[in-house]
Amino acid sequence: MSTAARLRAAGVGAGDEVIVPAFGNAEVAEAVIATGALPVFVDIDPSTYCVDAAEVEAAVGPRTAALVAVHRFGRLADMPRLWDIGRRRGLLVLEQGESEAPHAEVEERRAHATYLDGRLRGVRTPECGAGHTYQQYVVRVLGNGRPDRDAFARAVRAKGVECRVPVKTPVHRMPAFRRDVCLPETERAADETLALPVNASLTKREMQRIVSACNALGGLLQPAF
C-alpha cells in the first residue's frame with residue numbers, strides 16, 4: 001500500500017499536518033499533499049540522515065496527525081524513539097524503507113565499506129551504525145560546502161570513479177514545497193555528501209582505484225574556518 005493510501009486509511013486529510021524529512025526526494029511530501037494534508041519538514045540526524053527524533057518532538061502541534069520516517073542509505077531511523085513519540089502524542093507513525101538486497105550482497109557491500117573506511121583520507125566516512133546495509137556509501141567532503149564537494153566529484157570522475165550527489169536539493173527548497181524553515185543539518189548534508197561506489201560486484205582493483213582517486217585529493221580541500 002502506498003504512503004498516501006496508508007495515510008488516507010488512517011483518516012489523515014485536509015486540515016492535518018504530517019511530519020516528514022526534507023532530506024531526500026519529494027515522494028513523501030507528494031504523498032502527504034495527495035491526501036489534502038500539509039507536510040511539515042524537520043531536520044535530520046547528521047549521522048543517519050534520517051529524521052531527528054528531537055526535531056520531530058519539537059515540531060508536533062495541535063494539527064499534527066502523523067509522521068513518516070524514511071530509512072536512508074541503509075541506515076535505520078530511530079524507530080523506538082519515534083514510536084514512543086507517536087504513542088505519547090497520539091500520532092500515526094509510518095516507515096518508508098528501501099528495497100532489501102539478498103544477504104550475501106549486503107555482506108559484500110559491508111566488506112567493501114570496511115575496506116573504504118580504513119583507507120580513505122580527506123573525506124568523512126559514514127558512521128557504521130547497527131544494521132547498516134550500505135545501500136549507498138555516503139561520505140562528507142568537508143571544506144566550503146557545495147563548491148568543494150562538486151569540485152571533488154568532478155576530479156574523482158575524471159579518474160574513472162563513478163560517484164553521485166545523493167540529494168541535490170532538499171525538498172523544502174524545491175519550488176513546489178518551499179518553506180521558510182531553518183534545517184541546518186539537512187542543508188549541510190545536501191552541500192557536503194557524495195555517494196561512492198560500494199556495490200557487491202566491485203573488484204579489488206576498482207576498490208583500490210576509488211581509494212587512490214579520493215586520497216590524491218585529500219590535501220587539496222581545506223576545511224573552512
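The largest pocket holds about 270 Å³ of space. This is a predicted model, where local features need pLDDT of at least 70, side-chain atom pairs count only at pLDDT 80 or more, and totals for chains, interfaces and linings use all residues. Residues are numbered from 1 along each chain as its sequence is written, and side-chain values use heavy atoms, with hydrogens and water left out.

What is a pocket here? On a 1 Å grid over the protein atoms alone, a pocket is an open set of points with protein on both sides within 12 Å along at least five of seven lines. A cavity is a set where a 1.4 Å probe fits but cannot get out, and lining residues have an atom within 4 Å of a point. Volume is the space filled by probe spheres set on the points, which are joined across faces, edges and corners.

Back to the largest pocket. It has 18 lining residues, and Gly24, Asn25, Val70, Arg72 and Glu98 lie nearest its centre. By class, the lining has 7 nonpolar, 7 polar and 4 charged residues. Ala, Val, Leu, Ile, Met, Phe, Trp, Tyr, Cys and Pro count as nonpolar, Asp, Glu, Lys and Arg as charged, and the others, Gly among them, as polar.

Next, the second largest pocket. About 220 Å³ of space lies in it. Of its 16 lining residues, Glu98, Ser99, Glu100, Thr133 and Gln135 lie nearest the centre. The lining splits into 3 nonpolar, 8 polar and 5 charged residues.

The largest cavity has about 60 Å³. Its lining includes Ser47, Arg72, Glu127 and His132. That lining divides into 4 nonpolar, 4 polar and 3 charged residues.

Last, the helices. The axes of H5 (residues 103-119) and H8 (residues 204-215) come within 10 Å and cross at roughly 30°. Angles under 35 degrees count as roughly parallel, so H5 is roughly parallel to H8. On the H5 side, the contact (heavy atoms within 4.5 Å) is made by His112, Tyr115, Leu116 and Arg119. H8 brings Met207, Gln208, Ile210, Val211 and Asn215. By class, this contact has 5 nonpolar, 3 polar and 1 charged residues.

Key
Axes fitted to C-alpha atoms, helices over the stretch in contact; angles between N-to-C directions. Helix = DSSP H or I, 4+ residues; strand = E, 2+ residues; numbered from the N terminus. Parallel < 35°, antiparallel > 145°, perpendicular 65-115°, else oblique.
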